[in-house]
Amino acid sequence: MDSLGMHKTPNAYYKDINNDLNGFEGTWLYTSGNTSLKIVLVKSVMFYNGDYYEDLMVGGYQYVENGVEKINTLSDANNLNIGYSGSIWGNSIHNNCFYIPVDDCVLGEKRLILAIFDPVTNNHSGNIILHKRTVSGQQALKAMIDIGYIGENYEGVPTPLPTMPSQMHNILFIKQ
């Protein structure tokens, strides 16, 4: 069964036949003053997940806050076999505006939902939802990022914070 609860045939290959993932590949940068978030996304073709083969987007990210690097997993994008162990991964393409759309979603547009993991805390993960855009003639991605705590809570022990903000909504990445 995949992450959406759909049954998959063992050893089958679930290919990105329309090359929808290709439009999301590359290095993307969001900046706001001296705070930035860079993501690098690469398509891993025919990744074997232990049950079946699939085309999977993998990647890494670098978050810099007030000029200080808080996390850097960009090297994950260099390992096409990292799969679900990476800091960014997934292949869920949708053609609708349901499930936490950005403020300017257009029905029928392609959007990609990926998982994002914080290996520094090892206790935070979430989703990054990407919508393709063109801004001033440049390729861009409008994004929503939601990260939550997945660790155990202990009485009297404060819940650790993620390495980057737990919510970043309607941010704009420009292709580098």
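Two strands are said to pair if DSSP finds at least two bridges between them. Strands (E, at least two residues) are DSSP runs, numbered from the N terminus. The model is a predicted one, in which local features need pLDDT of at least 70 and side-chain atom pairs count only at pLDDT 80 or more, while totals for chains, interfaces and linings use all residues. Residues are numbered from 1 along each chain as its sequence is written, and side-chain values use heavy atoms, with hydrogens and water left out.

I begin with β2. This strand runs antiparallel to β10 (residues 167–175), with two bridges joining them; in β10, I174 is the bridge partner of L29. Strand β2, residues 26–32, is also antiparallel to β3, residues 35–48, through seven bridges. Here Y30 has L37 as its bridge partner in β3. Two residues separate β2 and β3 in a hairpin, and G33 in the turn has a positive phi of about 65°.

I turn now to D118, in strand β7 (residues 111–118). Is D118 buried or exposed? D118 is buried, that is, under 20% relative accessible area with a 1.4 Å probe, protein chains only. D118 has no salt bridge, meaning a side-chain nitrogen of Lys or Arg within 4 Å of a carboxyl oxygen of Asp or Glu. The nearest side chain of opposite charge, K70, is 11 Å away.

Which backbone nitrogens does the D118 side chain reach? That of T121 is at 3.3 Å, and that of T163 lies 2.7 Å from a polar atom of the side chain.

Note on methods
Helix = DSSP H or I, 4+ residues; strand = E, 2+ residues; numbered from the N terminus. Buried < 20%, exposed > 50% of the residue type's maximum accessible area, 1.4 Å probe, protein only. Lys, Arg positive; Asp, Glu negative; His and termini not counted. Polar contact = N/O pair within 3.5 Å; in protein donor to acceptor, adjacent residues only side chain to side chain.
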